[in-house]
Amino acid sequence: MSVAAGMTALLALSACEGAPSARGRQDGDASASASASPSPAVKRPAGTGGLLSGGVWAVQAFESDGHREDLPSEARAWIALGGDGTASGSYGCTPFHTKAEVTAVHLTLGKEVVPAPAPSLSPAPPGEGPGPCRPDDVATHPTLADFEKKVKAAFSGKLSLSTKRIPGYSLQLHVKNQQGDDITLGQARREDFFRIKWQLIDTTFYDSHGPEFTAGDQMYVNFHDDGEVNGKLGCNDFTAKATFTGIHLYFNDAALTTQRTCSDKIMKEEASVLTVLKKSLNYAYWAEPDAPSMSLHEDLAFPARETGFTFRGIPPR
């Protein structure tokens, strides 16, 4: 399965517009969230619990009472564990931030704590498609309300953790409650995401790829966990701000910081990429855990017209 196809498959199934984050902070990192009485940092456990504690995980499939549930196309459910004894995520449309205890084989989500503040900036509204759902949508969409109710119920009590690897797919993590409900998670952001230099390879349109960029490894992006972005777009250096929300991110203030000249083709590609980044689109991203690669595309809540980029990682940085 190609990176782009894998991403499309995830988003057709998955469920993520998550808890809001402050500008320039990674919302999937619960340590960035505000809490009335933050817990002390806890050591990451071994086994599957330690794996869950790294990165951001998106819901790929959900079984309840032995029945595989249909995941609403607009819903984006995800979860991420912080190092402060909390978990952040979304039940599909509605964010949550709770106390969390994790061991090698179990996860227990506790009472709600104060969520992170809303970001000062928002992504641009989608030009096509509805985009991911928001908390306000739940009241008027019974399908979304029913889905969120089931996911919230499944994420309750003492949950068992296990892993499974399917040929052709990335490693999956299974979360099961005592009633037998099974949530399948896929890692959307790997633990070392911010230590990787991400080379921009090509543009995508749904599951097709354009030609590779001429500049090769001179077109790359460095993401930092404080929201700063820097890199090179082929000929010139650039900077931007990135806001992460679950498996979504969007850019702001993308600008070149040098004025070098290169071949016409490289400069045209550079201008094209910069124009897209300046639009501040709401991108869904998927950084493969097993190989240093990443897909990033505008989330329209349906895949037919989604466009984006693919990246190749160059670890470590």
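User: In this predicted model, is S53 buried or exposed?
Analyst: S53 sits in the loop between α2 (47–52) and β1 (56–64). The relative accessible area of S53 is 13%. Buried means under 20%, so S53 counts as buried.

User: Which residues does S53 contact, leaving aside its neighbours within four places in sequence?
Analyst: S53 is a loop residue, placed between α2 and β1. Its contacts beyond those neighbours include R44 and P45.

User: What is the relative accessible area of L173?
Analyst: L173 belongs to strand β8 (residues 171–176). This residue is buried. Its relative accessible area is 0%.

User: What separates the C-alpha atoms of L173 and T48?
Analyst: These two residues are 125 residues apart along the chain. T48 is also among the contacts of L173, as are L51, L52 and W57. The C-alpha atoms of L173 and T48 are separated by 7.8 Å.

User: How many bridges join β12 and β13?
Analyst: β12 covers residues 219–223 and β13 covers residues 228–233. The two strands form a hairpin with four residues between them. In this pair, F223 has V229 as its bridge partner. The pairing is antiparallel, and the number of bridges is five.

User: Which residue in the turn between β13 and β14 has a positive phi?
Analyst: β13 and β14 are antiparallel partners over five bridges. K232 stands opposite D237 in β14. Three residues lie between the strands of this hairpin. The turn residue with a positive phi, about 115°, is G234.

User: What is the phi of G246, in the turn between β14 and β15?
Analyst: β14 (residues 237–245) and β15 (residues 248–256) run antiparallel, joined by seven bridges. They make a hairpin with two residues between them. G246 is in that turn, and its phi is positive, at about 65°.

User: Which residue of β15 is the bridge partner of A242?
Analyst: Start from the strands. β14 and β15 are antiparallel, with seven bridges between them. The partner of A242 in β15 is F251.

User: Which residue in β16 stands opposite L249?
Analyst: β15 pairs with β16 (residues 283–287) in the antiparallel sense. Two bridges make up this pairing. The residue opposite L249 is Y283.

User: Which elements give two or more residues to the lining of the second largest cavity?
Analyst: This cavity holds about 50 Å³ of space. Its lining is L200, V221, F251, V273, L277, Y283, L296, F309 and F311. The elements that give two or more of these residues are α4 (264–278) and β18 (307–314).

Methods. Residues numbered from 1 in each chain as written. Predicted model: local features only at pLDDT ≥ 70, side-chain atom pairs only at ≥ 80, totals over all residues. Heavy atoms only, no water. Pairing = 2+ DSSP bridges. Buried < 20%, exposed > 50% of the residue type's maximum accessible area, 1.4 Å probe, protein only. Contact = heavy atoms within 4.5 Å. 1 Å grid on protein atoms, 1.4 Å probe; cavity = no way out; pocket = protein on both sides within 12 Å on 5 of 7 lines; lining within 4 Å. Points joined across faces, edges and corners; volume = space filled by probe spheres on them.
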